[in-house]
Amino acid sequence: MARIAIAVCILAVLVAAETASAAISCGDVTSSIAPCMGYAMGSSPSPSAQCCSGVKSLNGRASSKADRQTACRCLKNMAGRLRGVSMGNAASIPGKCGVSVSMPINPNVDCSTYLLNYY
């Protein structure tokens with residue numbers, strides 16, 4: 001009986017650790033894509049190395065369905081609040097940074113519908 005209790009405790013700790021490390025916040029999303037704003041706003045001719053690094057980092061950290069949907073909602077909310085964003089430039093960032101996405105990048109996307117490889 002003691003072995004079962006110990007095994008259950010170990011599994012609970014592993015699940016909690018995985019859940020804690022996988023959680024992504026809007027702050028994480030914002031800080032990852034902040035270097036992309038110059039290109040998204042049209043003031044820079046291409047995404048910077050820092051932008052691509054942030055996009056790739058976000059792609060790696062948003063590994064679960066919940067993380068990808070959270071990141072999608074954060075990006076969608078940001079796109080709705082920011083004025084002057086070139087949606088064409090914003091949509092081209094993943095491709096220019098060598099990151100594949102499985103959703104359309106626009107402020108009307110339904111984040112609950114897409115299982116994203118990136119956001």
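The secondary structure of this predicted chain comes to six helices and zero strands. Helices (H or I, at least four residues) and strands (E, at least two) are DSSP runs, numbered from the N terminus. Written from the N terminus on, the elements run α-α-α-α-α-α.

The model is predicted: local features need pLDDT of at least 70, side-chain atom pairs count only at pLDDT 80 or more, and totals for chains, interfaces and linings use all residues. Residues are numbered from 1 along each chain as its sequence is written, and side-chain values use heavy atoms, with hydrogens and water left out.

**Confidence and overall figures**

The pLDDT, which is the predictor's confidence in each residue, from 0 to 100, averages 78 over the chain, and 76% of the residues score at least 70. A contact means heavy atoms within 4.5 Å. Among contacts in the chain between residues at least 6 apart in sequence, 70% join residues at least 24 apart.

Of the 119 residues in the chain, 29% are buried. Buried means under 20% relative accessible area, exposed over 50%, and partly exposed in between (1.4 Å probe, protein chains only).

Helix H4 covers residues 49-61. The expected span of a helix is 1.5 Å times one less than its number of residues. For the 13 residues of H4 this gives 18 Å, which agrees with the 18 Å between its end C-alpha atoms.

The buried residues of H4 are Cys51, Cys52, Gly54, Val55 and Leu58. Seen down the axis of H4, they fall within an arc of 160 degrees, so they line one face of the helix. The arc is that of the directions from the helix axis to the C-beta atoms. The face turned away from the buried side of H4 carries the exposed residues Ala49, Gln50 and Gly60.

The buried residues of H4 pack against helix H2 (26-33) and helix H6 (87-96). On the H2 side, Asp28, Val29, Ser32 and Ile33 meet Cys51, Gly54, Val55, Leu58 and Arg61 of H4. The axes of H2 and H4 come within 7 Å and cross at roughly 150 degrees. Axes are lines fitted to C-alpha atoms, for helices over the stretch in contact, and angles run from 0 to 180 degrees between N-to-C directions. H2 and H4 are therefore roughly antiparallel to each other, a term for angles over 145 degrees.

**Helix H6 and the segment after it**

In H6, Asn89, Ala90, Ile93 and Pro94 are buried. Seen down the axis of H6, these residues fall within an arc of 145 degrees, so they line one face of the helix. They pack against helix H3 (37-40) and H4. Just after H6, Gly98 takes a positive phi of about 75 degrees.

Met87 lies in H6, while Asn106 is in the segment after H6. Met87 counts as partly exposed at 28% relative accessibility, and Asn106 counts as partly exposed at 30%. Leaving out residues up to four places away in sequence, Met87 touches Ile105, Asn106 and Pro107. The table gives C-alpha separations for Asn106.

| Pair | Apart in sequence | C-alpha to C-alpha |
|---|---|---|
| Met87 and Asn106 | 19 residues | 6.7 Å |
| Gly88 and Asn106 | 18 residues | 9.0 Å |

How values were computed. Angles under 35 degrees count as roughly parallel, over 145 as roughly antiparallel, 65 to 115 as roughly perpendicular and the rest as oblique.
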